[in-house]
Amino acid sequence: MRQPTSFPSTAKTSALAAATGRAAAAVPVSALSAQGNGITIAPEEHNPPHAPFFFQEGRTLIFILFGVLNLLLALSLDAAGWVADMNLLVPVVFGALVMGTLMAYSRFDGFFMLSHSLATGLAWVFYQMTNSVTQERRVAVFIDHGVPALQAQAYFLLERWLEWVQAAMNNSASNDNYIFVLEISFLAWWLAYLGAWTVFRYGNVWRGVMMIAVALLVNTYYAPNPVTGFLVAFCLVAMLLLAWANLIANRQRWRALRITFSQDIAFDFMRTGVFYTLVIITIAFVAPSLGRNVRFNQFLAPINERWESTTQEFNRLYEGLNRQQRMVASGFTRSLSLGGARNVTDAAVFQVASSTGRYWRAVTFDEFTGRQWVNSAPIETEFDADQPIPNISWSQRKPLTQTVTLLASTGGVILAAPDVVQVSLPIQGYLMPVLGGADETGPSDQVQNELTYIRAHGGLDVGDSYTAVSSRTNITERDLRGASLDYPLAISTHYLQLPEDFSPRIARLAAEVAGNPEDSVYDRTKRVERFLRGYAYDEAIEGPSSDQDPLEYFLFDIQRGYCDYYASAMATMLRSLGIPARTVSGYAEGTFDEEEGIFVITERDAHTWVEVYFPGFGWIEFEPTAGESALERPSGADLPEPSSVPGAPDEVDPALNDTDFESGRDPLEDLSPAFTGEFPADAGFRPSPQWIIASVLLTLAALLGGFWLLRRRVWQGPDSFAIEPPAIFYNRLVEWAHRLGAATHSGLTPYERSAILAQEFPPGAPFIQRITDIYVQYRFAPHSPHAPSDADESELADNWQQLRPVFWRAWLDRKLSSGDSPRKSR
């Protein structure tokens, strides 16, 4: 090892003599080293110059802990239940760990590592996947033509992958789970391989851990089965790995600098790491979110919209996957997949103060892919609080005012009776174009839009209330039987859509059940509704396999299911008959509390129903689900004869004139006295029990941390790794020297370094010199009459404030001077 450079023979050498009795532990490890009785300023070097890898000790435990993190990700993906079996991930990850670690300790560079990983990873993943395709018929075809079994299995996988790529390019759906397993396996390989490389070659443990953490968080949130336990275990192991890696890095640095330390420090580090890990995990589980913060919600709004769009695209490309049995209180999105059992409880979600109610709509769906419904409304707009929403003046409508109070999170979705025309909150709406509303003379050709999905601008929290006004139908059977068949182009385009491979078996069943095509649309629709209500209601069904048509699975195989299946079957059957229909998700009416005059809606009331379009009257609800009460409408036989214009309204209801919704009287005034009251958009902060618990825990943690620091200060004295202001500011000086490529030589004394820096940066010379003087007095003569005082500490801060802009200007000049050659360190 090269001998350290000694101090110049000046009066300041007396400071060196006075420092020989001071414990080496007080030296800031990033700046100082001790050898014999001499002191050397050393830069913070990550890699020893003789080795291409970082960790020289403790590698076994680092490999074990990092391997456990990757195995937790693999086991989490397998346990999530996306597909029936993904146990091949364990050998895939293990192989990647071994290969990545061997590459990290080799002499190969990064380019060879990446190219090697690509080839080796694909080969390893393909080899592991061949064990899962032995029973496929198409594999047998290859084998019959003389292709070896392993090669035939690989050909089969390549063929499936090409078919998936073609489906993706053609914007068609794919339910090929082999491709999902292939891509997830390759992702797991890359995370483990690159993680092992970056950890063992460069010591970037945080980078390796965070890559796995992101994948694990996404899987935990969207997994069909609960896998939170893997996340908790990951947090514990990750914190231990970070603590151990940090200790090893410092131990290597301390040994290089010949700083003495206790051999029992490893036990202390790991014990403290376990304690703080448990504290952090506990706080994370009880701490409140930022969900109430309006600005935070506004900031996240475009991200949420982009993520929702990405989720819909993911669901299209991987339709065969099992979906999460998510608690319905988490909110409705713009897609609905047909999966397995429902996961609902009797917990209350919200309550509605209203004179009547049947459905509380959340979202309507127009596009059906074969396994999923999608809301494809192309127009997004915003409305201010209490701003009238342009609505289509359908015939036979009455205004309904309702006040909704949230008892659980709904994801910011506005829930109200159809069709919403005013809300007391700022909202964000998704509009679908509709041609042919009704006016006083009959159907109109004017282009209008309807709201299909509404979210509160800024989010909603438990306890929030809002008031909504809806245009609710009071149509009769006689009106519906006399409705026109003149469907607007926008309606027939969007609401007669079916997948290209729609089951002809279901189409034949629909024609048989609906009966005579000459009968009215209403009568044929009711026959389909009554037919489906004959199926058994069952919330605990298993989801269809990837090669099964979900609707055939419901109608012909198990012949039981819940509302998603009933509504999907009815809507598609009607579409096959040329009747515009759509599915709608939200909540059924719930339970009416007569004493309070409110509807109480629980998770179990989450529901999907059907709406059918009738020209002149709009969307009319139908109830095909056997588990719900039948939806019967008044016959209308005792009413006057309707207008002679088919499909035209009898009379425009004065309750829906422009005075109500566009000018003049506020329709909210119609709310009965029993339900009136102030429900401001932001009702103020209401501390929840979780918030209180988190506050108490954080306060206790702060008190305990302060007590621990005080105890170390009083009992162990100032020499036990306490970094005081002179060392702090001098370390900043050294860090800037390395950043600017000046005075980086490992053998420089403080005064040699300050002389070089003063020469390089003349405007900062007096400040550099003064910071160095105070540091040398603090470090080498702490008990002399000239030792740093509180006044010197204040002077340090003032000098640093003057020096920092000099360094920043120098840094910017060097960054902007791209044509200059790199500066040699001195």
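Predicted model: local features only at pLDDT ≥ 70, side-chain atom pairs only at ≥ 80, totals over all residues.
Two strands count as paired if DSSP finds at least two bridges between them.

**The six-stranded sheet**

The sheet is open and has six strands. Their order is S10-S15-S9-S4-S20-S19, and the pairing is antiparallel. Strand S10 (420-423) and strand S19 (591-593) form the edges. Each has a single partner strand, so one side of each is left without a neighbour in the sheet. On average, neighbouring strands are turned by 30° against each other, direction ignored.

Strand S4 (residues 348-353) has S9 on one side and S20 on the other in the strand order. The table sets out these two pairings.

| S20 | 598-602 | antiparallel | four | Ile601 |

Ile601 stands opposite Phe350 in S20.

**Helices H2 and H8**

Which way do helix H2 and helix H8 run relative to each other? They are roughly parallel. Helix H2 covers residues 59-79, and helix H8 covers residues 205-222. Their axes come within 10 Å and cross at roughly 20°. Angles under 35 degrees count as roughly parallel, and H2 and H8 are therefore described that way. The crossing of H2 and H8 is left-handed.

The contact draws on residues from both helices. H2 supplies Phe66, Leu69, Asn70, Leu73, Ser76 and Leu77. H8 supplies Gly208, Val209, Ile212, Ala215, Leu216 and Asn219. By class, eight of the residues in this contact are nonpolar and four are polar. No charged residue takes part in the contact of H2 with H8.

**Ser337**

Where does Ser337 lie? Ser337 belongs to strand S3 (residues 335-337). The side chain of Ser337 makes a polar contact of 3.3 Å with the side chain of Gln372. Ser337 can also be placed relative to Asp564. In sequence, Ser337 and Asp564 are 227 residues apart. In space, they are 8.4 Å apart, C-alpha to C-alpha.

Definitions and conventions. Residues numbered from 1 in each chain as written. Heavy atoms only, no water. Axes fitted to C-alpha atoms, helices over the stretch in contact; angles between N-to-C directions. Helix = DSSP H or I, 4+ residues; strand = E, 2+ residues; numbered from the N terminus. Parallel < 35°, antiparallel > 145°, perpendicular 65-115°, else oblique. Left-handed = near helix turned anticlockwise from the far one by under 90°. Contact = heavy atoms within 4.5 Å. Nonpolar A, V, L, I, M, F, W, Y, C, P; charged D, E, K, R; others polar. Polar contact = N/O pair within 3.5 Å; in protein donor to acceptor, adjacent residues only side chain to side chain.
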